[in-house]
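Work through these exercises with the sequence and the coordinates open. Try each task before reading its solution.

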Amino acid sequence: MLIIDAKDEADCCLPETYQATHRALTVQEITTLVRNHNTSSDAEWRNVFVSKSGFDADLVHECSFSGLVILGKLRRARLKFHDLALDEGLYDSYIEDCVIGDDCVVRNVEYLVNYHIAERVMLFNIQEMSCTKHSKFGNGILKNGEAESNRIWIGVCNENDGRAVLSFEGMITADAYLWSTYREDKVLQQRFLELTEKGNTGALDTFGIVESDTVIKNTTLLKDAKIGRFAYIKGAFKLKNITVLSSEQEPSQIGEGVELVNGIMGYGSKAFYQAVAVRFVLGRNCQLKYGARLLNSILGDNSTVSCCELLNNLIFPFHEQHHNSSFLIASMVQGQSNIAAGATVGSNHNSRSPDGEIRAGRGFWPGLNSSFKHNSRFASFVLAVKGSYQRELNIVYPFSLVASHGADKPIHIIPAYWFMYNMFAIARNNSKFKKRDKRVVRVQHIETNPLAPDTIQEVIHAIDRLVFLTGNHLKAQGFQSALDAKNSAELLTVAKNYLHQNKTADFVLFDADCQKKFGAEIYKGVKGYFEYRKIVKYFAASCLIDYCTARGKSAVSRADIAEIMEIPLYAMWINAGGQVMPEEKAFELFDKIKNHEIDSWREVHAFYDDTESHYLEYKTRYALYLLELLYAKQITAFSSEDFADIREDVTRVSDCMYQSSIESREKDYTDYFRKIVYRNDEEMTAVLGTLSGNSFLQEMKESTAEFDAALSRIFSEL
């Protein structure tokens, strides 16, 4: 054990910052303090300074002071938060090198060292609350004299840290996505590190921070912590090297038994009931509870995880994982996802080292007790049936249903399943997530519409894939036109013509690339092909309607078409942490970062904002490009019959969304097995409400009527 000489308290001078507002103790105040059984490491109390605006020494009892201590205004008043009401003052505490603001309560804090406490803060029953001079509050920076090996990285997506990123206050999932994905650009990677270090002086002068109107009670350890305004911490076990972002509009809370180490907690987030997070970033409005373990992971805004284990993940906004036995490891899950009970995503490594990964697009929904192996990839809105998937998967069909039929057999896939059998979920998706978004300040842009450029580009790929597989099928079946095809291009033409001439055909396709070794059988491929085409048209028409609405128009004209065609065309899109943007815009951002035109994360976020401000224009231009792909001719050559065909298909999709939603919900009232748990219809109505009273269906009825009316006008001038 080291023995360190006591400080020379005579050297404790009041810093210039406080000289206008604070003063030394009077003789009478010192007498009162001593009478109340307080002690100071300086016999003459020269190390303690108090507020000039009012200091009642009789409100300090049984405290020990050491180092430089600056106390704010104390008066005979009470602070109250929920059921906790305490008199202002300092009681039964050890206080060293601290600044305490006006109207605070410090009671039963056994060890309070090197903290700056703002006004109206309640600290009650805390075993240790200390801060080292080299604290970083969960940020991935270094202090002077520290080795690079001291830097704390978050190993997202890959257990070998090959995609590790550094956390920083204000980090969003878009930052983590770009940093962890484009690893081949070494200059860019170095610049990301430099942006994170920007503003860090490296000086060993750090002090802990508790901002105003915060309550911390019944807590074992807070070390190297920065706690924001209006935070509420009760019964926490260990909070070390963390930042808790909190505000009056978005207060954060930490509850019983929680351990948070080396990370940053976002505004309005909550951690309760023995939850553990180590090397982490929590986004805004997240919940971590019921023993959940979040390790080496970043969790996007509006997400809830409980009773589960998550290791080495990058998870985009609106992630739900509530169940005791679910497990997620070394994955990138791109949001609006729901991990069912018993699901083990990344259940083994399938190699000699832990370097496997899983990538899942938006809307990933693995079924009960499903198990997936590294390396696997899923398109957006894939619903996987319960089962153990023994081989690596590459599901390129968005909105599909995937089912295992044994370890050594092809998997089964129904493309466009959601549009055929679960349109209610698609229709409700956008509305559901918008209502769940409780953020007051929205830094991370989040696309909640299932039909957006990121998913539509997957639909286009799936359409092309189905045509390709159909060509192979026709050739294998001895179809003469397929056999006569001289090259792959001609075979694709034959397949496409066959599909359009045989819309009711039903045969099984085989896709060898969907599962390692055993491939996949594709069911209802023809129907899926046409569902996909209708959805692309729906997306395109929606973009044109939104574009015209934003300009106060009800119909798109030839002049508007010409104007849209002048907008830059971006055909490759990425989901950057929830924000859908052209990949080329990301490359533009990278160039600006590398040439120091953008030199801070704040400026990076401003670039995201600017890109989002043009999002409608970019996707409308993309919409015209998609129509040209579907009809194999330039938009300027479209006839009135072509636009009528688009309108007919899109109206069918719109009406189907509404009608399917009604039918899906109607089953809850008419299905025999749904009704058997109720004694009578009256009890069922009391529990479920009425179908006509369903608020979502009412909203959808109105929005469908509005959309159909807008659709009837949108092409009227063409």
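**Exercise 1. Which residues of H5 meet which residues of H14?**

Solution. Start with the H5 side: Met 423, Phe 424, Ile 426 and Ala 427. Their partners in H14 are Cys 656, Met 657, Ser 660, Ser 661 and Ser 664. The contact holds 6 nonpolar, 3 polar and no charged residues. Note that the model is predicted.

Next take the geometry. H5 covers residues 423-436, and its axis lies 8 Å from that of H14. The packing angle is about 110°. Angles of 65 to 115 degrees count as roughly perpendicular. H5 is therefore roughly perpendicular to H14.

**Exercise 2. Find how H14 and H17 are oriented, and list their contact.**

Solution. Locate the helices: H14 spans residues 640-670 and H17 spans 695-714. Their axes come within 10 Å and cross at roughly 170°. An angle over 145 degrees counts as roughly antiparallel. So H14 is roughly antiparallel to H17.

Then list the residues on each side.

- H14 gives Arg 647, Val 650, Thr 651, Ser 654, Asp 655, Met 657, Tyr 658, Ser 661, Ile 662 and Arg 665.
- H17 gives Leu 697, Met 700, Lys 701, Thr 704, Phe 707, Asp 708, Leu 711 and Ser 712.

Finish with the tally. This contact divides into 8 nonpolar, 5 polar and 5 charged residues.

**Exercise 3. At what angle do H3 and H11 cross?**

Solution. H3 is residues 186-197, and H11 is residues 583-594. The crossing angle is roughly 65°, with the axes coming within 9 Å. That value makes H3 roughly perpendicular to H11.

Now the contact. From H3 come Val 187, Leu 188, Arg 191, Phe 192 and Leu 195. From H11 come Phe 590, Ile 593 and Lys 594. The division is 6 nonpolar, no polar and 2 charged.

**Exercise 4. In what order do the 6 strands of the open sheet run, and which strands form its edges?**

Solution. Read across the sheet: S31-S34-S36-S37-S39-S38. The pairing is mixed. Each edge strand pairs on one side only, and these are S31 (365-366) and S38 (509-511).

S34 (residues 383-384) and S36 (residues 401-403) run parallel, joined by 2 bridges. In that pairing, Leu 383 stands opposite Leu 401.

Then look for a helix over the sheet. H6 (residues 453-476) lies across S38 and S39 (520-522). H6 runs at about 115° to S38.

**Exercise 5. Trace the pairings of S10, then give the phi of Asn 108.**

Solution. S10 covers residues 105-109. One partner is S8 (residues 89-91), in the parallel sense, over 3 bridges. Tyr 91 stands opposite Arg 107 there. S13 is another partner, also parallel, with 4 bridges. Here Val 106 stands opposite Leu 123.

Now the backbone. Asn 108 lies in S10. Its phi is near 60°, a positive value in a residue other than glycine.

**Exercise 6. Which peptide bond is cis, with omega near -15°?**

Solution. The bond runs from His 374 to Asn 375. Place its second residue: Asn 375 sits in the loop between S32 (371-372) and S33 (376-378).

**Exercise 7. How many salt bridges does a search of the whole structure find, and which parts of the chain does the Lys 226 pair link?**

Solution. The search finds 44 salt bridges. One joins the side chains of Lys 226 and Glu 169, at 3.1 Å from N to O. The cut-off is 4 Å. Lys 226 is in S15 (residues 215-227). Glu 169 is in the loop between S13 (122-130) and H2 (173-181). The two residues are 57 residues apart, and the pair links distant parts of the chain.

Definitions and conventions: Residues are numbered from 1 along each chain as its sequence is written. This is a predicted model: local features need pLDDT of at least 70, side-chain atom pairs count only at pLDDT 80 or more; totals for chains, interfaces and linings use all residues. Side-chain values use heavy atoms; hydrogens and water are left out. Axes are lines fitted to C-alpha atoms, for helices over the stretch in contact, and angles run from 0 to 180 degrees between N-to-C directions. Angles under 35 degrees count as roughly parallel, over 145 as roughly antiparallel, 65 to 115 as roughly perpendicular and the rest as oblique. Contact means heavy atoms within 4.5 Å. Ala, Val, Leu, Ile, Met, Phe, Trp, Tyr, Cys and Pro count as nonpolar, Asp, Glu, Lys and Arg as charged, and the others, Gly among them, as polar. Two strands pair if DSSP finds at least two bridges between them.
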